[in-house]
Amino acid sequence: MSALRILVTGGAGYVGSVTVERLVEAGHEVIVLDDLSTGHAGAIVDGAQLVRGTYGDESATTALLRMSRVDAILHCAARSLVGESITDPARYYRANVGGGIALLEAARGAGVGRIVFSSTAAVYGVPDATPITEAASLRPINPYGETKRTFETALGWYGRAYGLRSVSLRYFNVAGASERNGEVHDPETHLIPNVLRAAEGAGEITIFGQDYPTPDGTCIRDYIHVADLADAHLAAIEATAPDDARTKEPLVCNLGTASGFSVREVVATAGRIVAAPIPQRTGERRAGDPPVLVASNARAREVLGWTPRRSSLDEMIGSAWRWRQAHPKGYDS
């Protein structure tokens, strides 16, 4: 594939910054659009341009797309805290739906006909069966998942009406780090970084429920290394080429490893990697937590030619731990 000019919204965040690394490595020209409300300027790799702003500003985004002669968009920016989406759904509809439509209108106004969307497994809600395929019913149980589902639907209609080529990638649990970039969130809601924070002395973690119908009684989830996710983004952008039959219709792919790890497996592996016990306690189940959430990644393998290559817990937790040890103050260090 020849070099493209790619706009990455949210490219200063965890997933976005590692993907920007991969795109630059592949020879593409990358412009990052990020308001830095949750991202970090220090996460932007040399060779990528940072523009501070919001994708929800339609006129400014249109001008940026035109001025930079952008060929394709990778849309990673979004509000993404499930709990916050329940207490403040308006914020999520404004950003993820209203802002998303502003981005699509900017793309249409600037003549950009290719977009890859960072979606989520939260669009499925509580599935009827696992492994989860893309044909499973979409029944989100929180506004975060609902806003992502709504934007996916908009992509479909924009494709039919305006010829927009799109790929929606439904992530499961992203983990790990590249050598340069890692996971820094405030607040932190993800299991692996919270386990590593506990290992650093930040207090104990709570294992919510130990009586699920799983081998060790704790929930099982599918994890994907952030570097594998970056590879999938690159493959998806390639698939949006104007003459590529794979995106003649909007394409949706799950991204996971097709296997899962329990909460206790994560904690035990982390303890072995950091060579210290992880402070922990057991609490009650959380409402709405399914026993098992595992993806079928057959479509991503077959259609995108994508294979997760860093799928062991040792690789994911080990890379995250190495990054934290090298950056004890996050990007401030």
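Leaving aside residues up to four places away in sequence, Phe117 touches His75, Lys148, Phe151, Glu152, Leu155, Val167, Ser168 and Leu169. Keep in mind that this is a predicted model.

So where does Phe117 sit? You'll find Phe117 in strand β5, which covers residues 114-120. Is Phe117 buried or exposed? Its relative accessible area is 3%, and buried means under 20%, so Phe117 counts as buried. Glu105 is twelve residues away from Phe117 in sequence, and the two C-alpha atoms are 15 Å apart in space.

Now zoom out to the sheet. Seven strands make up an open sheet, with parallel pairing, and they line up as β3-β2-β1-β4-β5-β6-β11. The edges belong to β3 and β11: each has a single partner strand, so one side of each has no neighbour in the sheet. On average, neighbouring strands here are turned by 20 degrees against each other, direction ignored.

Strands β6 and β11 run parallel and are joined by five bridges. Within β11, Val252 is the bridge partner of Ser168.

Then there's helix α1, residues 14-25, which lies across β1, β2, β3, β4 and β6. Its direction makes an angle of about 165 degrees with β2.

Here are some of the strands to look up in the picture:

| Strand | Residues |
|---|---|
| β1 | residues 5-9 |
| β2 | residues 29-34 |
| β3 | residues 48-52 |
| β4 | residues 72-75 |
| β5 | residues 114-120 |
| β6 | residues 165-171 |
| β11 | residues 251-255 |

How values were computed
Residues are numbered from 1 along each chain as its sequence is written. This is a predicted model: local features need pLDDT of at least 70, side-chain atom pairs count only at pLDDT 80 or more; totals for chains, interfaces and linings use all residues. Side-chain values use heavy atoms; hydrogens and water are left out. Two strands pair if DSSP finds at least two bridges between them. Helices (H or I, at least four residues) and strands (E, at least two) are DSSP runs, numbered from the N terminus. Axes are lines fitted to C-alpha atoms, for helices over the stretch in contact, and angles run from 0 to 180 degrees between N-to-C directions. Contact means heavy atoms within 4.5 Å. Buried means under 20% relative accessible area, exposed over 50%, partly exposed in between (1.4 Å probe, protein chains only).
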